[in-house]
Amino acid sequence: MTDLLAGLSLRDLETRNRIAVSPMCQYSCDPDGLPTEWHRVHLGSRAVGGAGIVMTEATAVSPEGRITPHDLGIWSDDHAEALEPITEFIREQGGVPAIQLAHAGHKASKERPWEGHVPIQPDETGPSGAAGWEVLSPSPDAYPPFDGDRPAMRKAEQDDIEGVIDAYRAAAERSLAAGFEIAEVHAAHGYLLHEFLSPVTNHREDDYGGSFENRTRLVREVVAAVREVWPDDKPVFVRISGTDWLDDRESWDIEQSVRLADDLADLGVDLVDVSSGGLHPDQSISGGPNFQVPLAEQVREGADVAVGAVGGVTEPEQADALIRNERADLVLVGREFLRDPYFGLRATGDLERDPDAVAKEWPVQYRRATQR
Ligand code: FNR
């Protein structure tokens, strides 16, 4: 029986366990998108802490694709060069470095959460002193009223769409040069690709709006561009919102997610990472332990692709049960990895009976801590 401590094999990659650090924005770059000491220590600690996969935060494929001016980016060779020591360290610690490639769409140009998360207009600076910019939207008229205030927007025209696809392709090439082994396309949480997927935010009448095929076109084109440059021996993931949690209106739902997951598998996607929501403030989400797992399970049952579950996982036994009961192939852990950077080592200690095997998972520098 497969369990949480069993490696996950995808193409030529094998992870040491099925625990991944879920992507989490740190908003800790200067307004140049370059990683800082914070990123090196933050991501490095979780590799030391036993995660099988250490994924970066949403990393912007272009400057206008950042949520805030302080987001991490991968739009130049300087970014790739600055990220390389981080991927090297993660690998040295036995982890697999992964990058989440993102474009924030019309949710871009905001201040950091701890500076109010307010929109910054293109000709203004926010409380942090950083300047804003005009954001890209599939349909500016459909921008959901998150807080009554919105940044200045531009409707994505054909050349903007081609620019986004090219930016994803170039970002994937740079990610490879930086030493990442998994590229995850962020198509969830109300950011650009999800904005195209959902009829709530996509009111277009061209080839990118209307039917399921049209609304999914941009995601499919972005994934095809990434897959084109990402080597055959390395996996590609896509994070989706399994549902908008807006059952009272025409929206993105689990049936469409299953259908999309199958299409993505045909394009060479190896794992679909199933999150949810983030598109509209009317969403009704329950939260709590395993709150998104039923969505992951439905994608796993309905589509021919490996699936990652995320949300409300805090205990090793809980994560282990998701794998043993074949509800998911990978467990992504977010906030618990902020509370405990050593969640991976904790899982090995809790789930592995052989003390020698436990000790082997610990960094040599820390191994004496496994002796009582
Ligand atoms: C997040 N989340 C998130 N998701 C994503 O796809 N890209 C991102 O950059 C971020 N950023 C982020 C920052 C912080 C501080 C938190 C807490 C969360 C969502 C995250 O990856 C995860 O899906 C959720 O937190 C649910 O999982 P947990 O926290 O219940 O394990």
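Modeller: In this predicted model, helices H7 and H8 are oblique to each other, and the handedness of their crossing is right-handed.

Biologist: At roughly what angle do the axes of H7 and H8 cross?

Modeller: Angles under 35 degrees would count as roughly parallel and those of 65 to 115 as roughly perpendicular, with the rest oblique. The axes of H7 (residues 254-266) and H8 (residues 293-302) come within 9 Å, and they cross at roughly 45 degrees.

Biologist: Which residues make that contact, and how do they divide by class?

Modeller: From H7 the contact takes Ile-254, Ser-257, Val-258 and Ala-261, while H8 brings Leu-295, Gln-298, Val-299 and Gly-302. By class, the contact of H7 with H8 has 5 nonpolar, 3 polar and no charged residues.

Biologist: How are H3 and H6 oriented to each other?

Modeller: The axes of H3 (residues 158-178) and H6 (residues 217-229) come within 8 Å and cross at roughly 30 degrees. Because angles under 35 degrees count as such, H3 and H6 are roughly parallel.

Biologist: What is the handedness of the crossing of H3 and H6, and how many charged residues does their contact hold?

Modeller: H3 passes H6 in a right-handed crossing. The contact is made on the H3 side by residues including Ile-161, Arg-169 and Glu-173, and on the H6 side by residues including Leu-218, Glu-221 and Glu-228. The residues of this contact divide into 10 nonpolar and no polar, and those that are charged number 4.

Biologist: Turning to the ligand, which strand and which helix each supply at least two residues of its shell?

Modeller: The ligand is surrounded by 20 residues, the closest being Ser-22, Met-24, Ala-58, Gly-334 and Arg-335. By class, the shell divides into 8 nonpolar, 8 polar and 4 charged residues. The elements that each supply at least two residues of this shell are strand E4 (53-60) and helix H10 (335-339).

Biologist: Is Pro-127 buried or exposed?

Modeller: Pro-127 lies in the loop between strand E5 (96-102) and strand E6 (135-137). It has 12 other C-beta atoms within 10 Å, and since 12 or fewer is the cut-off, Pro-127 is exposed.

Biologist: With which residues is Pro-127 in contact, beyond its neighbours within four places in sequence?

Modeller: His-79 is 48 residues from Pro-127 along the chain, and their C-alpha atoms are separated by 25 Å. Leaving aside neighbours within four places in sequence, the contacts of Pro-127 are with Glu-111, Glu-115 and Gly-116.

Terms used. Residues are numbered from 1 along each chain as its sequence is written. This is a predicted model: local features need pLDDT of at least 70, side-chain atom pairs count only at pLDDT 80 or more; totals for chains, interfaces and linings use all residues. A residue is near a molecule or strand if its C-beta atom, placed from the backbone, lies within 6 Å of it. Helices (H or I, at least four residues) and strands (E, at least two) are DSSP runs, numbered from the N terminus. Ala, Val, Leu, Ile, Met, Phe, Trp, Tyr, Cys and Pro count as nonpolar, Asp, Glu, Lys and Arg as charged, and the others, Gly among them, as polar. Axes are lines fitted to C-alpha atoms, for helices over the stretch in contact, and angles run from 0 to 180 degrees between N-to-C directions. Angles under 35 degrees count as roughly parallel, over 145 as roughly antiparallel, 65 to 115 as roughly perpendicular and the rest as oblique. A crossing is left-handed if the near helix is turned anticlockwise from the far one by less than a right angle, and right-handed if clockwise. Two residues are in contact if their C-beta atoms, placed from the backbone, lie within 7 Å. A residue is buried if 20 or more other C-beta atoms lie within 10 Å of its own, exposed if 12 or fewer, and partly exposed in between; C-beta atoms are placed from the backbone.
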